[in-house]
Amino acid sequence: MIARLDEAERELAEIAGLESGRMRLVSFPSASATLVSKAMSEVRARCPGVELQFAEAEPEESIPALKRGDFDVAVVFDYPFVPADFGRDTEAELIFEDPM
């Protein structure tokens, strides 16, 4: 996952107690149906006061939207031979590796 650092840090500080706040998440469709749906259910169960906003988009749309500040977190994919350019204001974290 990648997150816009300044925005995410501010929002994390606001919801430090996980009692309220908002997280705007975008994901590509196949991850939405598997990883993201399970994660969102878990967040809703543990943090009922946190508002989750969700959208689907492919990485070529979601990464620029993340950089614009439209989302706080993006679940994206890239390939070793065509790596995504996350830029300097974003941080990438590997959460799943699909063996090909």
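The legends below describe close-up views of a predicted model.

**Figure 1. Overall fold of the chain.**
The chain contains three helices and five strands. Followed along the sequence, these elements are arranged as β-α-β-α-β-α-β-β. Of the 100 residues, 34% count as buried.

**Figure 2**
Strand β2, helix α2 and strand β3 make a β-α-β unit that is right-handed. Strand β2 covers residues 21-27 and pairs with β3 in the parallel sense, over seven bridges. Within this view, S27 stands opposite E56 of β3.

**Figure 3. The nonpolar cores.**
The largest nonpolar core is made of 10 residues: L25, F28, A31, V36, M40, C47, V50, L52, V73 and V75. Two or more of these residues come from each of α2 (29-46), β3 (50-56) and β4 (73-75). Helix α2 gives the largest share, three residues.

**Figure 4. The salt bridge between D72 and R24.**
The structure holds three salt bridges. In one of them, the side chains of D72 and R24 meet at 2.8 Å, N to O. D72 is in the loop between α3 (59-68) and β4, while R24 is in strand β2, so this pair ties together parts that lie 48 residues apart in sequence. D72 counts as buried because its relative accessibility is 3%, under the 20% limit. R24 has a relative accessibility of 11% and therefore counts as buried.

**Figure 5. The salt bridge between E42 and R46 in helix α2.**
A salt bridge joins E42 to R46, and their closest N and O atoms are 2.5 Å apart. Both residues lie in helix α2, with a spacing of four residues, about one turn of the helix. E42 is partly exposed, at a relative accessible area of 38%. R46 has a relative accessible area of 64%, over the 50% limit, and so is exposed.

**Figure 6. The salt bridge between R68 and D70.**
The side chains of R68 and D70 form a salt bridge, with N and O 2.8 Å apart. R68 is exposed, and its relative accessible area is 56%. D70 is partly exposed, with a value of 35% for relative accessible area.

**Figure 7. T90 in strand β5, shown with K67.**
T90 is part of strand β5. With a relative accessible area of 10%, T90 is buried. K67 and T90 are 23 residues apart in sequence, and their C-alpha atoms are 7.4 Å apart in space.

**Figure 8. A nonpolar patch on the surface.**
L35, I95 and F96 form a nonpolar surface patch, and together they have about 290 Å² of accessible area. I95 is located in the segment that comes after β5 (90-92). The relative accessibility of I95 is 45%, so I95 counts as partly exposed. A residue can belong to such a patch because its relative accessible area is over 30% and it has no salt bridge.

Conventions. Residues numbered from 1 in each chain as written. Predicted model: local features only at pLDDT ≥ 70, side-chain atom pairs only at ≥ 80, totals over all residues. Heavy atoms only, no water. Patch = residues over 30% accessible without salt bridge, like charges linked within 9 Å, V, L, I, M, F, W, Y side chains within 5 Å. Areas by Shrake-Rupley, 256 points an atom, 1.4 Å probe, with all protein chains shown as cover. Salt bridge = Lys/Arg side-chain N within 4 Å of Asp/Glu carboxyl O. Buried < 20%, exposed > 50% of the residue type's maximum accessible area, 1.4 Å probe, protein only. Core = buried A, V, L, I, M, F, W, Y, C linked by side-chain atoms within 4.5 Å. Pairing = 2+ DSSP bridges. Right-handed = clockwise from strand over helix to strand, strands pointing away.
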